[in-house]
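Subject: Structure for you to look at

Hello,

Below is the structure I said I would pass on. My notes on what was found follow it.

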Amino acid sequence: MAGLSGSARTRHARRLFAGIAPEYDRMAELLSFGQNGRWRRFMVSRLPSSGGRVLDVATGTGGVAVEIARRTTAPVVGLDQSEEMLGAGRSALAAAGLEGRISFVLGQGERLPFPDGVFDAVTFTYLLRYVDDPSATLRELARVLQPGGTLANLEFLVPPNPVWRAAWELYTRVALPVGGLVASKEWWDTGRFLGPSITGFYRQHPLSEQGGWWRDAGISPVRYRPMSLGGGIVIWGTKRRTLADRAEAGDHEVEPAGV
């Protein structure tokens, strides 16, 4: 794909999403029993309700970008590395009457084509499992966020409760691929990929490690909420202000007693 590079992992992601773009929104809601939309709405509720610019990375067909435009007054930029997903997103924008509020950019979360600190909020969805260096990608996302801005993420989670985890594993290993096959071979392939991708990611990078990525990227405090009995998770936080930013705003550090 012209202008985009990447490893075997990112090339696989582009192939995967190219094949499922036409039916993505409908199938995502069906296969998640409507939870995907609920998770998106909760993530967007963590953002400021007015002002500024918002960047939605891994925007896909623009579902999160549309939700941001509906819930806030902010102009929204949606970025994705899949031309096919963005094409489906443009059709969705036209249907929603939001073409003037949202613009789409072809690009990669690992190498954002924007200057430092130009967005008041940055969201990203189902991204870090598809990059080679999640920690570096998170720093890149924080780079384009202004100090005091909000970074928010939606991702799948492995339920911590053993009973729900067993049900989740049965669904993702058996029911999800079979349900995808009803739509197409591409959705069958996606269904087979998804469960192992999620469990492998958390096995390699538990939440405690991921929290360190956020803090290393300058995001603090970091909060999270498991969704739907642990099937999903929303993580969000605020980019720390530098000492210069604090001084300009009139903020002062509280000195310890006796100093």
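Helix H2 has four residues that count as buried, namely Tyr-24, Met-27, Ala-28 and Leu-31. Around the helix axis they cover an arc of only 105°, which means that they sit on the same side of H2. Please keep in mind that this is a predicted model.

What do the buried residues of H2 pack against? Their partners are helix H1 (8–20), helix H3 (35–45), helix H5 (83–96), helix H7 (162–183) and H8. After H2 comes Phe-33, which has a positive phi, near 55°.

Leu-31 belongs to H2, which runs over residues 24–31. Its relative accessible area is 16%, and because the limit for buried is under 20%, Leu-31 is classed as buried. Neighbours within four places in sequence aside, Leu-31 is in contact with Tyr-171, Leu-176, Gly-179, Gly-180 and Trp-187. Pro-177 is 146 residues away from Leu-31 along the chain, yet the C-alpha atoms of the two are separated by 9.7 Å.

Pro-196 is a second residue to look at. It lies in helix H8 (residues 185–204), one of the helices that the buried residues of H2 pack against. Is Pro-196 buried or partly exposed? Its relative accessible area is 40%, so Pro-196 is partly exposed; that class lies between the 20% limit for buried and the 50% limit for exposed. Between the C-alpha atoms of Pro-196 and His-12, which are 184 residues apart along the chain, the separation is 15 Å.

Now the chain as a whole. The protein chain contains 10 helices and 7 strands. Its radius of gyration is 19 Å, close to the 18 Å that the globule rule gives for 259 residues, so the chain is as compact as a globular protein of that length. The C-alpha trace spans about 65 × 45 × 35 Å along its principal axes.

Of the 259 residues, 48% count as buried. Taking contacts between residues at least 6 apart in sequence, 70% join residues at least 24 apart.

Regards

Key:
Residues are numbered from 1 along each chain as its sequence is written. This is a predicted model: local features need pLDDT of at least 70, side-chain atom pairs count only at pLDDT 80 or more; totals for chains, interfaces and linings use all residues. Side-chain values use heavy atoms; hydrogens and water are left out. Helices (H or I, at least four residues) and strands (E, at least two) are DSSP runs, numbered from the N terminus. Buried means under 20% relative accessible area, exposed over 50%, partly exposed in between (1.4 Å probe, protein chains only). Contact means heavy atoms within 4.5 Å. The arc is that of the directions from the helix axis to the C-beta atoms. The radius of gyration is taken over C-alpha atoms; the globule rule is 2.2 Å times the number of residues to the power 0.38.
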